[in-house]
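Me: I have a structure open and a few things to ask about it. Can we go through them one at a time?
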Amino acid sequence: MKNAVFVFSEDQLGYKFSDTHPFNQKRLTLTVDLLKEINALSLSEIVPPRMATDEELLLVHDANYIEIVKEASKENADSTKYESYGIGTEDTPIFPDMHEASAILVGGTLTAVDYVMEGKSSHAVNLGGGLHHGFRGRASGFCVYNDSSVAIKYMQEKYNARVLYIDTDAHHGDGVQWSFYDDPNVCTISIHETGRYLFPGTGNITERGSGEGYGTSFNFPIDAFTEDESFLDIYRTSFREIVEAFKPDVILSQNGADAHYFDPLTHLYGTMKIYQEIPKLAHELAHEFCDGKWIAVGGGGYDIWRVVPRAWSYVWMEMNDFQLPVGELPKNWLDKWSKESPIPLIPTWLDPDPLYEAIPRKIEITEKNKQMLDKALYQLRNQQSFKKNQ
């Protein structure tokens, strides 16, 4: 059995809205190149993604919606015709071969799932995935199909798995949450910037699931300007307590890298320290509760030059028990990409210290987040445990 596999091919770069759109899959190229430069990723560890079939997409998405995406993918499609389906909008514009490009991202996550669930590797990562805003019959927030939702349903049907999904993207993982809101065998956790300031505006602590799934949906909306210490306190406390109670068969982690101070679309004040710690705990809990079964996907991350390559490299290095580097980035990598980057690259693995001026409201924000954490976990802490369906 391999320790971990890295799902990637240049076919994943075809998911491209435009040259100026903030969602830019060049970040995959930058990450792969960085890992290769430090000899952390070899060709034998890279597995190409397959394209998800229509049958697999139908596990979550509506048949009519899939046909609409296919129709819109054709050359010269009239974008106004499809806006009610969330495509052809400013956020999620139409591009040629959109269906195929989207299905490859879903297929990449399914490839990762099969490697782990069939025992061919303990862990697997598909950084091209993590499109957590896609809904059953509508695109949203740069996401056409929802690879994580499809993968979770696929794991349920093919492997009879009890799945825990943890999402640390700065945007609420709404599409995944609503897909399994009434399902007692899927637990969703989302730590995100409060919807008072940020898309999609959901993810309140009161969103706890419905019917038989009540109590299996957890949201931790953190305040704008939240820094590392508060973020990590919420992450470590909530993740461990929920895993201990839910007892999943497998962990699927969404690793959006947009909670960083540099990210242009969010208002959080994270540094690279959180991206060292996020995969570390996922790895630890997977071995403690899931026989090592851990699948990681990408997600948001819109500073593709200074943040995403470093943050996502840490996921792969943690999967393989590499000692995390803290010094200079490889000179070859810096020289190569500095010529193309519109902004000066950060030359070190960790961020400069201090990265920003001190936050006047730090104590207030930290206390507010702590109160939110306690409220969000109140019911969990006052019940014995989840009961697995027999």
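Me: Which residues do ring pairs link into a cluster with Tyr-15?
Reply: The model is a predicted one. In it, ring pairs join Tyr-15 with Phe-17, Phe-23, Phe-95, Phe-142 and Tyr-302 in a cluster.

Me: And how many aromatic pairs are there?
Reply: The count is 19 aromatic pairs. In one of them, the ring centres of Tyr-15 and Phe-23 are 5.4 Å apart and the planes are at 70°, so this pair is edge-to-face.

Me: Are Tyr-15 and Phe-23 buried or exposed?
Reply: Both Tyr-15 and Phe-23 are buried. Another aromatic pair, Trp-305 with Trp-337, is tilted, with 6.4 Å from centre to centre and 50° between the planes.

Me: Where are Trp-305 and Trp-337 in the chain?
Reply: Trp-305 is in the loop between β8 and α9, while Trp-337 is in helix α10. They are 32 residues apart, so the pair links distant parts of the chain. Trp-305 and Trp-337 are buried as well.

Me: OK, α9 then. Why is it described as largely enclosed?
Reply: Because twelve of its twelve residues are buried. Among them are Trp-312, Tyr-314, Trp-316 and also the charged residues Arg-310 and Glu-318.

Me: What covers the buried residues of α9?
Reply: The cover includes the strands β1, β3 and β8, and the helices α1, α8 and α10.

Me: What span should α9 have, and what does it have?
Reply: At 1.5 Å a residue, α9 (residues 308–319) should span 16 Å. Its end C-alpha atoms are 17 Å apart, which agrees. Just after α9, Asp-321 has a positive phi of about 60°.

Me: New topic. How many salt bridges does the count come to?
Reply: It comes to 27 salt bridges. One of them is between Lys-336 and Asp-33, at 3.5 Å from N to O.

Me: Is Asp-33 buried or exposed?
Reply: Asp-33 is buried, at 15% relative accessible area. Lys-336 has 44% relative accessibility, so it counts as partly exposed.

Me: What does Arg-306 form a salt bridge with?
Reply: With Asp-303, where the closest N and O atoms are 2.8 Å apart. Arg-306 is buried at 18%, and Asp-303 is buried at 5%.

Me: Which residues are linked with Arg-50 in a network of salt bridges?
Reply: Glu-56, Asp-114, Glu-118, Lys-120 and Lys-158.

Me: Last one. Which ring does the charged end of Arg-208 sit over?
Reply: The ring of Tyr-214, at 5.4 Å from its centre. Arg-162 also lies over a ring face, that of Phe-246, 3.9 Å from the ring centre.

Terms used
Residues numbered from 1 in each chain as written. Predicted model: local features only at pLDDT ≥ 70, side-chain atom pairs only at ≥ 80, totals over all residues. Heavy atoms only, no water. Helix = DSSP H or I, 4+ residues; strand = E, 2+ residues; numbered from the N terminus. Expected span 1.5 Å × (residues − 1). Buried < 20%, exposed > 50% of the residue type's maximum accessible area, 1.4 Å probe, protein only. Contact = heavy atoms within 4.5 Å. Phe/Tyr/Trp six-rings, centres within 6.5 Å; stacked < 30°, edge-to-face > 60°. Lys NZ or Arg CZ within 6 Å of the ring centre and 35° of its normal. Salt bridge = Lys/Arg side-chain N within 4 Å of Asp/Glu carboxyl O.
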